[in-house]
Each structure stands twice: as structure tokens, then as C-alpha cells.
Amino acid sequence: MPGETLDDAIAAARDLRRKNIASVFTHLGENIFDKHEAENVAAHYQHVLERIQAQNLDSEISVKLTQLGLDLSPELCEQNLRRLLAAEQPARTLWIDMEASGYVDATLEIYRRLLAEYPNTGICLQAYLHRTVADIEALRPMKPTVRLVKGAYAESPAVAIRNKEAIGVRYLALAKNLLRAQARGDVRRAAFATHDPKLINRITNFAGAEGLSQSAVEVQMLYGIHSGEQQRLAAGGWRSGVLIAYGNYWYPWFVRRLAERPANLWLLLRNLASS
Ligand SMILES: Cc1cc2nc3c(=O)[nH]c(=O)nc-3n(C[C@H](O)[C@H](O)[C@H](O)COP(=O)(O)OP(=O)(O)OC[C@H]3O[C@@H](n4cnc5c(N)ncnc54)[C@H](O)[C@@H]3O)c2cc1C
């Protein structure tokens, strides 16, 4: 994280822009059970969209539906999301994060309804879930915008692939599928959110072999992770984007990052010791 405030995130986005790297803002938080709190989150994101437009930033937002009140009521959540979509510029994507597997049906239901009205709504899909192959097929007639990730939650083998290699194989197959669908116009925009260097190489090689232009391939990473690779991709003509998280509700988010990479614990301890 560049810092806890929106100003910190905007300063980081400006810096990235100079390197030809776009940004996506996300305000940390999830599982909000209070109606006013969920409405406050929507009001905050509306303010973020106004700042992006006023300052002409190359930035989008990505929201978690449980932060907009999904646990409380899908109707409230959808209302909050509609408020943001009405404020977003049609040329930019408003991204919806994907949370734990128990939320996928509700998330996709809301996504489908909103996509029909706002073609610039984007959804994150998780390669580790068995269902994702079918979910992409089902969304295809609606020309979705998809951010493909491996998946960050601890899921049971009944719903998700657990083996790292196998997740990589599935990810690559889905990425190829999405790139071809994007080239045909069945997918409006595909973004590959991964730091995995082998996977990125295979995706860019595949795009080359298919004769796709570099600007057809978008790779997104987290702020501060593999920054050299982010810049290398941008300098090479690929679309490079960075998710910038900010806010003070970082504990559950950090625990997921820790589960992915225990070495992050040392990073935290070093930062605490030096602060
Ligand atoms: C832009 C973006 C949006 C995302 N949105 C969602 C979402 O909505 N829902 C969801 O379930 N998941 C989301 N994720 C997380 C994703 O599911 C993975 O958990 C995460 O990206 C790690 O997988 P990887 O593909 O980078 O590969 P990995 O195999 O996990 O990592 C490859 C290499 O990247 C580096 N690396 C990866 N993660 C870290 C880290 N945290 N700290 C330091 N180095 C690291 C390491 O060098 C590692 O060896 C998102 C990720 C990104 C980048």
C-alpha cells in the first residue's frame, strides 16, 4: 500500500501514470452489516470517481459487494452499485471484485443485471473455481469485461482446484479463451491479474502467436509487487495496470496476502520495526 488515504493512492497513481501504467483504486473493507456504513462506502467511491474525473487520472475503481451491503440485502447492494455506475464514465470500467465462493452466485446475479444496463461493468473471475469455465461461457453472450485471477480465498476441493500447478494450467486455458473471445468481440475487455512471470510469458507468447496486438493484452498487478515487471510490460507496449489498495481496514486483506506468501510477514515486521 502506498498509504492509508485516498490522497496517498492518487499520488501513487500519478507516479505510475508517468510510467504508462494505469491504476485501479480499492478502498479496503468487506462484510459490512450496517446500512448507513454501506451507503457511506458508496458515497466515498462516488467521491473517488469525482476526483478521478476532476484530475483526469487514468484510474478506475474496484469494489467488493459485501462492502456495499450484500450480506445485509442484495437490493441495497445493487442500489449502491447503481449509484456508482451512474457516476462512472462509460469509457471506463467499474470493476467488481470476486469474494469467497459462497458469494459467487449472488455476485454474478447482480453483475448480469447491471451489465445489461451498463456495458462498462467488469467482473473478477477466479481460475481456481471449478465453475468458472461455465460462468465465462454463460456470460459470453452479454459481452462481459473480465479480470481473471487465480483466487485468494481458502476454498474446499469440492469447489476449487487446490494444486498450484493445476491452477496455473487452468488459468492459462481460460486466458487463451478470453483473448480469443475478446478478439472476436464476445468479450469487451479481458485483464489478467497475476504476478506469475511464467504465466505472463505464456499469455504474451500466445497473443503474439495469434497475431494479437500488444495493446490487446492487459496485465494487472498489486501496487509495489514486481514493479520492474509492471514497467517492463508497459515499456513493451502491453497494457499494464496496478491495483492500489488504501484505507485502514487492512487486516483481513493482509491475512490473505500472508496466506499466499508467508515471506510477507517479514516485510510487515521490518516495516513495524522501522516505523
Ligand atoms: C489486480 C488484482 C486484483 C485481484 N482481485 C481479486 C479478487 O477480486 N478476488 C480474488 O479472489 N483475488 C483477487 N486477486 C488476488 C489473486 O486471486 C491472487 O491471490 C494473487 O494475485 C496471487 O496470485 P498470482 O497470480 O500473482 O500468482 P502466485 O503464484 O501466487 O504468485 C506469483 C509470484 O508473484 C509474487 N507475489 C504474488 N503475490 C504476492 C504478494 N501478496 N506479495 C508479494 N509477492 C507476491 C511472488 O513472487 C510469487 O512467486 C487480485 C490480484 C490482483 C493482482
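Is Arg17 buried, partly exposed or exposed? Arg17 counts as partly exposed, because its relative accessibility is 37%; buried means under 20% relative accessible area, exposed over 50%, and partly exposed in between, with a 1.4 Å probe and protein chains only.

The model is predicted: local features need pLDDT of at least 70, side-chain atom pairs count only at pLDDT 80 or more, and totals for chains, interfaces and linings use all residues. Residues are numbered from 1 along each chain as its sequence is written, and side-chain values use heavy atoms, with hydrogens and water left out. Helices (H or I, at least four residues) and strands (E, at least two) are DSSP runs, numbered from the N terminus.

**Salt bridges**

- A salt bridge is a side-chain nitrogen of Lys or Arg within 4 Å of a carboxyl oxygen of Asp or Glu. By this rule the count comes to 21 salt bridges.
- Arg17 and Asp58 form one of them, with N and O 2.8 Å apart. This pair links distant parts of the chain, since Arg17 belongs to helix 1 (residues 6-18) and Asp58 to the loop between helix 2 (35-54) and strand 2 (59-63), 41 residues apart.
- Asp58 is partly exposed, because its relative accessibility is 26%.
- Asp58 also forms a salt bridge with Arg92, where the closest N and O atoms are 3.4 Å apart. Arg92 lies in the loop between helix 3 (74-87) and strand 3 (94-96), so the pair ties together parts that are 34 residues apart in sequence.
- Arg92 counts as buried, because its relative accessibility is 16%.
- Asp97 and Arg147 form a further salt bridge, the closest N and O atoms being 2.9 Å apart. Arg147 is in strand 5 and Asp97 in the loop between strand 3 and helix 4 (104-117), and the two residues are 50 residues apart.
- Both partners of that pair are buried: Arg147 has 7% relative accessibility, and Asp97 has 9%.
- A network of salt bridges links Glu60, Arg189, Glu218 and Arg239.

**Helix 6 and its ends**

- Helix 6 covers residues 164-184, which is 21 residues. Its first and last C-alpha atoms are 30 Å apart, close to the 30 Å expected at 1.5 Å a residue; the expected span is 1.5 Å times one less than the number of residues.
- At the N-terminal end, Asn163 caps helix 6, with a side-chain oxygen 3.0 Å from the backbone nitrogen of Glu165.
- Just after helix 6, Gly185 takes a positive phi of about 90°.
- The buried residues of helix 6 include Ile167, Tyr171, Leu174, Leu178 and Ala181. An α-helix has 3.6 residues a turn, so residues three or four places apart point the same way.
- The buried residues of helix 6 pack against helix 5 (132-139), strand 5 (145-149), strand 6 (189-193) and helix 7 (197-209).

**Gln182**

- Gln182 lies in helix 6 and is buried, because its relative accessible area is 18%.
- The side chain of Gln182 reaches the backbone nitrogen of Ala190 at 2.9 Å. This is a polar contact, defined as a pair of N or O atoms within 3.5 Å; within protein, one must be able to donate a hydrogen and the other to accept it, and residues adjacent in sequence count only if both atoms are side-chain atoms.
- Apart from neighbours within four places in sequence, Gln182 is in contact (heavy atoms within 4.5 Å) with Val187, Arg188, Arg189, Ala190 and Ala216.

**Nonpolar cores**

- A nonpolar core is a set of buried Ala, Val, Leu, Ile, Met, Phe, Trp, Tyr and Cys residues joined through side-chain atoms within 4.5 Å.
- The largest core has 76 residues, and those with the most contacts inside it are Phe25, Ile61, Leu68, Leu81, Ile123, Phe192 and Ile203. Helix 6 gives the most to this core, with eight residues.
- A second, separate core of five residues includes Val24, Trp95, Ala191 and Leu222.

- Asn31 is not a glycine, yet has a positive phi of about 50°. Asn31 is found in the loop between strand 1 (22-27) and helix 2, and is partly exposed at 30% relative accessible area.
- Lys143, also not a glycine, has a positive phi of about 50°. Lys143 sits in the loop between helix 5 and strand 5 and counts as partly exposed, at 45% relative accessibility.
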